[in-house]
Amino acid sequence: TLEQRKEMLALTVENHPRARIVSTTGTVAELLQKENTKFFARGIRNSIDLDYENANFYASKKLDPDLTAVYLPCPQELLYVSSSMVRNSLKFHTPIDEYVTKEVQSYIEEITKERV
């Protein structure tokens with residue numbers, strides 16, 4: 001769920017006091033205006049991510065010509081990690097420790113136990 005993803009993100013950035021997690025049902029341009037900033041960062045794993053993010057960037061740029069995107073490449077060992085991969089690993093009971101932080105792994109194990 002959205003709330004679970006936000007909780008996992010919070011676990012990941014808890015040692016970064018300036019990091020905030022926000023979600024929106026609106027556009028990136030609307031969110032940036034609300035947050036009073038012109039910059040946003042997006043993680044990029046591969047060319048598919050880049051194509052997707054560029055399409056979104058140019059659509060957002062039409063709504064706010066002054067916004068700026070910063071693309072952050074992921075570490076090479078995480079190029080093929082995705083939420084789908086983690087979900088499939090959970091489905092087939094294979095380890096996820098290479099894909100998520102220890103804190104997120106503990107969180108996932110806890111919410112998975114609740115379902116059983």
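Visitor: Which residues make up the largest nonpolar core?

Guide: A nonpolar core is a set of buried Ala, Val, Leu, Ile, Met, Phe, Trp, Tyr and Cys residues joined through side-chain atoms within 4.5 Å. Buried means under 20% relative accessible area, exposed over 50%, and partly exposed in between, with a 1.4 Å probe and protein chains only. Here the largest such core has 8 residues: Met8, Val86, Ile96, Val100, Val104, Tyr107, Ile108 and Ile111. Helix α5 gives the most to this core, namely 4 residues. Apart from it lies another core of 6 residues, including Ala29, Leu32, Phe40 and Ala69.

Guide: This is a predicted model, in which local features need pLDDT of at least 70 and side-chain atom pairs count only at pLDDT 80 or more, while totals for chains, interfaces and linings use all residues. Residues are numbered from 1 along each chain as its sequence is written, and side-chain values use heavy atoms, with hydrogens and water left out.

Visitor: What does valine 86 touch, not counting residues up to four places away in sequence?

Guide: Contact means heavy atoms within 4.5 Å. On that basis, valine 86 touches Ile96, Tyr99, Val100 and Ile108, with residues up to four places away in sequence not counted. Glutamine 105 is found in helix α5, residues 102–115; helices (H or I, at least four residues) and strands (E, at least two) are DSSP runs, numbered from the N terminus. Glutamine 105 counts as buried because its relative accessibility is 19%. Leaving aside neighbours within four places in sequence, glutamine 105 is in contact with Ile96, Asp97 and Val100.

Visitor: How many salt bridges does a search of the whole structure find?

Guide: A salt bridge is a side-chain nitrogen of Lys or Arg within 4 Å of a carboxyl oxygen of Asp or Glu. The search finds 5. In one of them, the side chains of glutamate 53 and arginine 42 meet at 2.8 Å, N to O. Glutamate 53 lies in helix α3 (residues 47–63) and arginine 42 in strand β1, so the pair ties together parts that are 11 residues apart in sequence. Glutamate 53 is buried at 8% relative accessibility, whereas arginine 42 is partly exposed at 36%.

Guide: Lysine 6 and glutamate 3 form a salt bridge as well, at 3.8 Å, N to O. These two are 3 residues apart in helix α1 (residues 2–13), so about one helical turn separates them.

Visitor: How is the geometry of an aromatic pair described?

Guide: Rings of Phe, Tyr and Trp (its six-membered ring) pair if their centres lie within 6.5 Å; planes under 30 degrees apart count as stacked, over 60 as edge-to-face and the rest as tilted. The whole structure holds 1 aromatic pair. The ring centres of phenylalanine 57 and tyrosine 58 are 5.1 Å apart and their planes stand at 65°, so the pair is edge-to-face. Phenylalanine 57 is buried, with a relative accessible area of 13%, while tyrosine 58 is exposed at 53%.
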